[in-house]
Amino acid sequence: MDDGPEQRRGSFVKSGAIALVLSVVANLLVRAGASALFDIPPEFPPLQGAGPVVFFSVIGVLAALGVFAGIGGVSSRPVPVFRIVAGVVLVVSFIPDLWLLTESGAANFPGATPAGVGTLMLMHVVSAAAVVWAVERSG
């Protein structure tokens with residue numbers, strides 16, 4: 001028996017909420033671990049406390065869930081299509097992080113170090129994994 005649209009929507013909302021919490025908590029743990037293990041300057045804005053980590057995790061997850069919902073409206077196989085889109089977007093999301101290691105990036109973001117940038121990149125992977133898991137669970 002096929003699930004109705006209401007049940008699928010409820011499953012998507014529940015899985016999306018779980019992905020949101022999972023992403024935020026895991027990224028806070030990544031930040032805490034990286035701060036304990038590496039010399040990440042406190043003036044590096046993206047890792048300056050929990051606020052930026054929570055904010056950008058929430059924005060990223062909500063945007064990804066919105067993309068999945070959009071794909072679901074036009075594709076008969078939204079999960080496989082989303083996996084491809086998510087993988088491409090994940091790789092593209094590394095470009096601004098890597099830019100932070102350039103001379104102009106460092107001028108705009110003081111405290112950018114390879115450890116800090118690597119931490120940001122790991123956080124992107126964590127959020128992407130949480131969302132892909134959520135859409136597979138709901139789809």
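Predicted model: local features only at pLDDT ≥ 70, side-chain atom pairs only at ≥ 80, totals over all residues.
Local features need pLDDT of at least 70, side-chain atom pairs count only at pLDDT 80 or more, and totals for chains, interfaces and linings use all residues. Residues are numbered from 1 along each chain as its sequence is written, and side-chain values use heavy atoms, leaving out hydrogens and water.

Student: Is Asn-27 buried or exposed?

Tutor: Good place to start! Buried means under 20% relative accessible area, exposed over 50%, and partly exposed in between (1.4 Å probe, protein chains only). Asn-27 has a relative accessible area of 1%, so Asn-27 is buried.

Student: Which side chain does the side chain of Asn-27 join in a polar contact?

Tutor: Such a contact is a pair of N or O atoms within 3.5 Å; within protein, one must be able to donate a hydrogen and the other to accept it, and residues adjacent in sequence count only if both atoms are side-chain atoms. Here the separation is 2.9 Å, and the partner of Asn-27 is Ser-127.

Student: How many aromatic pairs does a search of the whole structure find?

Tutor: Rings of Phe, Tyr and Trp (its six-membered ring) pair if their centres lie within 6.5 Å; planes under 30 degrees apart count as stacked, over 60 as edge-to-face and the rest as tilted. On that basis, the search finds three.

Student: What kind of pair do Phe-55 and Phe-56 form?

Tutor: Their ring centres are 5.0 Å apart. The planes meet at 80°, so the pair is edge-to-face.
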